[in-house]
Amino acid sequence: MQNFWQTLEKPIFILAPMEDVTDTVLRQVIARYGKPTVFFTEFTNVEGLFSKGEKHVIHRLQYTEIELPLVAQIWGSQPENFSKAARKLIDMGFSGVDLNMGCPAQGPVSRGVCSGLINDRPRAKEIIEATKEGAAGIIPVSVKTRLGFRAIDFEWIQFVLEQKPATLTVHLRTVSEMSKMPAHWDKLKTVVEMRDALSSETLIIGNGDIKSLNEARQKVAEAGADGAMVGRGIFENPFLFSDTSIGDKTPEEKMHLLLDHMHLWQETWGTTKYFPALRKFFKVYANGFPGAQDLRMQLMETQTPEETEQIVIAFLHTLSSSYAQH
Ligand SMILES: Cc1cc2nc3c(=O)[nH]c(=O)nc-3n(C[C@H](O)[C@H](O)[C@H](O)COP(=O)(O)O)c2cc1C
């Protein structure tokens, strides 16, 4: 078995899967700024992968070499589709496959999938077994879940650990807590102790609210866990995995980073993806300098890359002319 997880240096730092955020473009950008130990794809529906709608989901699995090791995260309802998906992911060159058992979105939950599986353990078990069968020991199968559905539920965690996933990532909140309550990092130690009591090789990764690598190191050490996964923290600092900060960049540098990011997006997606979805990243760069708020407001209205570029270039001109006056 080629379990790449067991070869990694610890603590392991992972960029969290985030739908409409962590596509190949963002992963390449983050890899340039400071690469995490492991990347995850956005969650990809296994029913979609084997239907006429495949063309609407396959972009989620697009990647380049620089993003490796890369784990494909999947979700869905039919165990046989998980099996088929695992075989396809091997052929596509993924390092591993992860099962989403934590997404709280109402649609999937009402169909009893994603975090709905916390309430349907027989189906959760079938899905893990089917994925392992498809993965055939060639790529490792991991699970990402939450601490429980309505309340913290260590029986659920015990149940998942007994299925012996290669890695268990715990978003340290219940489904009911969505992302509103602070993550329960104090509970991660218990998860580690449960893993140890089973003498299992499953790696334990904590997730929730991490803002810096130092904070991650401290929380992982306190729990005796193997690593941490970071999601929204990269909106405040996309350089987070390099232990540096976007706050140290000059306004000019930030504007050039924005343009590079946008150009990569254009080269990768052209007109196949909706451009305004990229605007959420403009806020990351147009931040922390005089005039940033006005600039952000203009950038949030742009409909095309060309329009965005014009605004950024005009702003760069104002910067150089204001330096010339000093
Ligand atoms: C916009 C967005 C999209 C997300 N999409 C996914 C997803 O596709 N799969 C998944 O397991 N979790 C998803 N999550 C949850 C994150 O992976 C992570 O568990 C959560 O944001 C908590 O970590 P953080 O506080 O570091 O962001 C998403 C979160 C956000 C904010």
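In this predicted model, the crossing of helices α4 and α6 is right-handed. The two helices, spanning residues 79-92 in the case of α4 and residues 121-135 in the case of α6, pack with their axes 7 Å apart and at an angle of about 30°. On the α4 side the contact is made by P79, E80, F82, S83, K84, A85, A86, R87 and I90, and on the α6 side by E126, I127, A130, T131, E133, G134 and A135. Sorted by class, the residues in this contact of α4 with α6 comprise eight nonpolar, three polar and five charged ones.

A second helix pair was described in the same terms, since two packed helices are characterised by the angle between their axes and by the distance between those axes. Helix α7 (residues 154-162) packs against helix α8 (residues 188-197) at an angle of about 40°, and the axes of these helices are 10 Å apart. The crossing in which α7 passes α8 is right-handed. The residues that meet are F154, I157, Q158 and L161 in α7 and T190, V191, M194 and R195 in α8; by class, this contact of α7 with α8 has five nonpolar residues, two polar residues and one charged residue.

With regard to the overall fold, the protein contains 14 helices and nine strands. Its radius of gyration is 21 Å, close to the 20 Å that the globule rule gives for 326 residues, so the protein is as compact as a globular protein of that length. The C-alpha trace spans about 70 × 45 × 35 Å along the principal axes. Of the 326 residues, 44% count as buried, and among the contacts with a separation of 6 or more, 69% are accounted for by residues 24 or more positions apart.

The peptide bond from K10 to P11 is cis, with omega near -5°, and P11 lies in the segment before strand β1 (12-15). A cis peptide bond also joins L68 and P69, where omega is about -5°; P69 is found in the loop between α3 (54-57) and β4 (70-75).

Positive phi values occur at S199 and D209, neither of which is a glycine: phi is about 45° for S199 and about 70° for D209. S199 is located in the loop between α8 and β8 (203-207), and it counts as exposed because it has 6 C-beta neighbours inside 10 Å. D209, by contrast, lies in the loop between β8 and α9, and its 18 C-beta neighbours inside 10 Å are the reason why D209 counts as partly exposed.

Helix α9 (residues 213-223) includes A221, which counts as exposed because it has 10 C-beta neighbours inside 10 Å, where the cut-off for an exposed residue is 12 or fewer. A221 and L299 are 78 residues apart along the chain, and a distance of 41 Å separates their C-alpha atoms.

Definitions and conventions
Residues numbered from 1 in each chain as written. Predicted model: local features only at pLDDT ≥ 70, side-chain atom pairs only at ≥ 80, totals over all residues. Helix = DSSP H or I, 4+ residues; strand = E, 2+ residues; numbered from the N terminus. Rg over C-alpha atoms; globule rule 2.2 N^0.38 Å. Buried ≥ 20, exposed ≤ 12 C-beta atoms within 10 Å, placed from the backbone. Contact = placed C-beta atoms within 7 Å. Axes fitted to C-alpha atoms, helices over the stretch in contact; angles between N-to-C directions. Left-handed = near helix turned anticlockwise from the far one by under 90°. Nonpolar A, V, L, I, M, F, W, Y, C, P; charged D, E, K, R; others polar.
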